[in-house]
Amino acid sequence: MSNLKKASYFSACLSSLGLCMACGVGQIASAEPTQQTNQSRSQAELPTLINDGFEDASRLEFDWPMLNIGTGQYEDGPTGLTVLKFGKKVHAAVDARGGGPGTINSEFLNIGYLHPELDAIVLAGGSWYGLEAATGVMTALLDDGETSGHWENIGFATGSIIYDLGGRRLNEIYPDKRLAQEAYRAAESGIFPRGAYGAGRSAVNGGIFGCNAKSGQGAAFRQIGDVKIAVFTVVNALGVVTDRDGNVANCFKGQDWPKDLKATDLMRGAPDSLRPDWKATESEPVEKKNTTVSVVVTNVSLSHAELKRLAAQVHTSMGRAIQPFATEFDGDVLYAVSTAEIDESIGASIPSMELGIVASELMWDAILSTTPHDQPTHVAPNENVKLSKKALSKFVGTYNFSNIADLTIELDGDTLIASATGERDVFAVKKDHPLQLLPVSKTQFTIPAGRYPFSIEFNDDQIILNSGRWEQVGSRISK
């Protein structure tokens with residue numbers, strides 16, 4: 001991220017104890033961070049961040065002018081969306097798995113008309129509310145004059161969403177029409193940010209085993225002669241991400257779990273490994289809302305039947321990298337797209353089935369690339385920090401995160417106590433179960449050791465939970 005972006009935004013926070021389902025130079029639209037949510041004001045007032053991550057070292061760079069990428073984020077969520085915009089109308093097919101897919105216009109792709117119709121694919125957070133993003137891109141196509149009202153040239157976008165609400169953050173901000181149109185108009189070719197960006201901004205994975213590791217979006221690209229294949233994915237899966245050696249790629253492990261944790265350890269341990277008492281003393285309830293949404297794009301001209309098989313072949317292969325995959329509580333969707341820049345009959349030497357093999361391996365690479373490099377970490381209390389009662393009293397008060405979440409800080413003798421006093425828990429601080437805060441520094445505190453990272457930092461009349469990329473900021477409303 002550029003220094004300008006770092007100075008203009010402090011990344012939002014979250015100790016994501018939930019899961020997820022459907023059920024370049026970046027530009028900044030606003031440089032003024034805020035702490036309120038769309039429950040107390042219009043979403044139109046939320047600051048947007050467009051094409052964040054395009055300068056990150058983990059970004060994917062590739063040469064394909066036909067394919068443009070735009071990302072948009074509301075840091076106050078944090079939540080976001082990713083727009084894949086094509087240089088002309090293209091053919092596509094869709095393959096849906098799992099028990100809770102959330103899509104818009106996807107059934108039209110299954111009809112298989114000979115005339116190409118698709119202009120863009122939109123992947124978004126916000127659960128069902130995020131589907132507004134796809135309709136926003138369609139109207140932007142008309143408003144910008146790229147399409148018209150003629151029946152052969154109506155703007156058409158499809159899209160899928162992930163569930164990034166609930167236990168992941170303390171508000172219900174969602175990627176909306178305004179954010180989608182800004183990202184669509186800022187789309188650039190040849191760059192895709194990997195990690196906690198765009199639609200993957202607040203994604204997690206591995207919740208079925210209590211891992212609740214931060215996830216994100218990933219991508220991979222390969223060119224063989226003139227043939228181009230690109231894959232994109234947003235992993236918000238119930239299952240764990242698994243590398244090619246069978247290791248769990250990332251997990252907040254339970255106490256006494258194997259140091260070198262493999263997916264087979266968890267899968268063979270089921271159903272016991274799904275319960276809190278499996279080699280662990282602490283766990284969280286599973287929030288059964290999860291999804292992995294993916295896209296495969298090739299420049300080879302393919303028939304609708306070939307696109308359907310490509311979608312099914314690659315989607316099936318993803319069960320190697322995500323275990324378990326496509327469960328009752330996942331809403332997995334994969335789109336297969338042909339830009340038809342190469343006619344197979346006059347030059348392409350790779351049959352569609354072989355394209356599927358290449359794309360399947362690329363997808364595994366893409367899945368592994370979704371893991372953010374800056375995962376939250378535990379902070380330890382510092383026994384050498386001693387604060388007077390007067391110093392501690394400055395932190396007392398009720399801090400508001402949204403209309404669903406408040407955290408009250410009280411002074412009990414010479415100890416600070418945190419209580420969730422709104423409608424819902426505040427991550428590790430459960431309703432009706434106050435927790436003692438242990439000092440880390442003069443302004444930062446943590447709680448007794450737990451499975452998931454959790455810290456509180458006081459800054460005048462604000463409180464920051466899990467300072468960093470997933471932080472949540474609350475404002476003091478009473479003392």
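Is Ser-127 buried or exposed at 5% relative accessibility? Ser-127 counts as buried, where buried means under 20% relative accessible area, exposed means over 50%, and partly exposed is in between (1.4 Å probe, protein chains only).

This is a predicted model, in which local features need pLDDT of at least 70 and side-chain atom pairs count only at pLDDT 80 or more, while totals for chains, interfaces and linings use all residues. Residues are numbered from 1 along each chain as its sequence is written, and side-chain values use heavy atoms, with hydrogens and water left out.

View 1. Most residues other than glycine have a negative phi, and most peptide bonds are trans. Ser-127 isn't a glycine, yet its phi is positive, at about 55°. Look for Ser-127 in the loop between β7 (118-124) and α3. Helices (H or I, at least four residues) and strands (E, at least two) are DSSP runs, numbered from the N terminus. Asn-212 is another non-glycine with a positive phi, this time about 50°. You'll find Asn-212 in the loop between β11 (204-205) and β12 (213-214). With a relative accessible area of 3%, Asn-212 is buried.

**View 2. Helices α3 and α4, packed together.** Here helix α3 (residues 132-143) meets helix α4 (residues 177-185) at an angle of about 55°, and their axes are 8 Å apart. Axes are lines fitted to C-alpha atoms, for helices over the stretch in contact, and angles run from 0 to 180 degrees between N-to-C directions. That makes α3 and α4 oblique to each other (under 35 degrees is roughly parallel, over 145 roughly antiparallel, 65 to 115 roughly perpendicular, and the rest oblique). The contact (heavy atoms within 4.5 Å) uses Glu-132, Ala-133, Gly-136, Val-137, Thr-139, Ala-140, Leu-141 and Asp-143 on the α3 side. From α4 come Lys-177, Ala-180, Gln-181, Tyr-184 and Arg-185. Sorted by type, the residues of this contact are six nonpolar, three polar and four charged (nonpolar covers Ala, Val, Leu, Ile, Met, Phe, Trp, Tyr, Cys and Pro; charged covers Asp, Glu, Lys and Arg; the others, Gly among them, are polar).

**View 3. The buried residues of α4.** Leu-179, Ala-180, Gln-181, Ala-183 and Tyr-184 are the buried residues of this helix. They pack against β2 (49-50), β4, β5 (79-96) and α3.

**View 4. An aromatic cluster.** Phe-62, Trp-64, Phe-192, Phe-221 and Phe-232 form one aromatic cluster. The structure holds 12 aromatic pairs (rings of Phe, Tyr and Trp, using its six-membered ring, pair if their centres lie within 6.5 Å; planes under 30 degrees apart are stacked, over 60 edge-to-face, and the rest tilted). One of the pairs is Phe-62 with Phe-232, which is tilted, at 6.3 Å centre to centre and 55° between the planes. Phe-62 sits in the loop between β3 (60-61) and β4 (67-74) and Phe-232 in strand β14 (residues 227-236), so this pair ties together parts that are 170 residues apart in sequence. Phe-62 and Phe-232 are both buried. Trp-64 and Phe-221 have ring centres 6.2 Å apart and planes at 55°, so they make a tilted pair too. Trp-64 is in the loop between β3 and β4, while Phe-221 is in strand β13 (residues 216-224), 157 residues apart. Trp-64 is buried, with a relative accessible area of 1%, whereas Phe-221 is partly exposed at 21%.

View 5. Val-337 belongs to strand β18 (residues 333-342) and counts as buried at 0% relative accessibility. Val-94 is 243 residues away from Val-337 in sequence, but their C-alpha atoms are 8.9 Å apart in space. Setting aside residues up to four places away in sequence, Val-337 touches a set of residues including Phe-86, Leu-118, Ile-121, Val-296 and Leu-307.

**View 6. Two cis peptide bonds.** The bond from Ala-270 to Pro-271 is cis, with omega near 5°. Pro-271 is in the loop between α5 (263-269) and β16 (291-300). Gln-323 and Pro-324 are also joined by a cis peptide bond, with omega about -10°. Pro-324 is in the loop between β17 (322-323) and β18.

**View 7. Gln-444 in strand β23.** Gln-444 is in strand β23 (residues 444-446) and counts as buried at 17% relative accessibility. Leaving out neighbours within four places in sequence, Gln-444 has contacts with Val-379, Leu-438, Pro-439, Ser-455, Ile-456 and Glu-457.
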